[in-house]
Amino acid sequence: MHLWDVVTGRELAELDTHEIAHSATFSPDGSRVATASLAGQILIWDVASRREVARLKSRGGLHQVRFSPKGDLLVAGSANGTARVVGRGDWCRSGHDHRTSAKLPQVVFSRDGDLVLAATSDNAAHLLKTGRD
C-alpha cells in the first residue's frame, strides 16, 4: 500500500501489507490507516511513524473496513456474512461479531457511531448496534 501527497504527487511511504489490500481507510483525524484483505486480515497503521500498530485475523475474506466518526471503533464486512466491530482500546481483541445470511460488501457507521448499516449480497440492509456503552 502506498501513501501519497496529493498536492505534490510524491510518494510518502510504502506500507507492506504482505497481501493485497481490498479496502483501506483513514481514521477521521488522519492518524491511522486500516486495511482489509480477502485473506481475512485487518492491519492498522500509525501514519506518522509508518508502523503497523495492530493486526487482526478474520475467519472470512474482508470486503470493506471503516472507522467510526470518532475513530474509536472499526468495522469490517466479510465474505462470510460477519460484521466485526472492534474498539480502539483493544485492537488486539476479537471485538463484537454480527452475523448475517449473506456477504457484506458494504459497511458504514451512523453519524454518532452507535449503529452500523451493512448492505448484503442478497439485496438486504441490516442495521446493527455497535455495542458501545
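**Chatting through a predicted fold**

Colleague: L127 sits in strand β13 (residues 125-129), a strand being a DSSP run of E with at least two residues, numbered from the N terminus. Is L127 buried or exposed?

Modeller: Heads-up: this is a predicted model, where local features need pLDDT of at least 70, side-chain atom pairs count only at pLDDT 80 or more, and totals for chains, interfaces and linings use all residues. Residues are numbered from 1 along each chain as its sequence is written, and side-chain values use heavy atoms, leaving out hydrogens and water. Buried means under 20% relative accessible area, exposed over 50%, and partly exposed in between (1.4 Å probe, protein chains only). L127 has a relative accessible area of 60%, so it counts as exposed.

Colleague: And A118, buried or exposed?

Modeller: A118 is in strand β12 (residues 115-119). Leaving out residues up to four places away in sequence, A118 touches L104, Q106, V107, A124, A125, H126 and L128, where contact means heavy atoms within 4.5 Å. Its relative accessibility is 0%, so A118 is buried.

Colleague: How far apart in space are A118 and L128?

Modeller: They're 10 residues apart in sequence. C-alpha to C-alpha, A118 and L128 are separated by 7.6 Å.

Colleague: What about T25: buried or exposed?

Modeller: T25 belongs to strand β3 (residues 21-26). Beyond its neighbours within four places in sequence, T25 contacts R32, V33, A34, V65, R66 and F67. With a relative accessible area of 14%, T25 is buried.

Note on methods
Helices (H or I, at least four residues) and strands (E, at least two) are DSSP runs, numbered from the N terminus.
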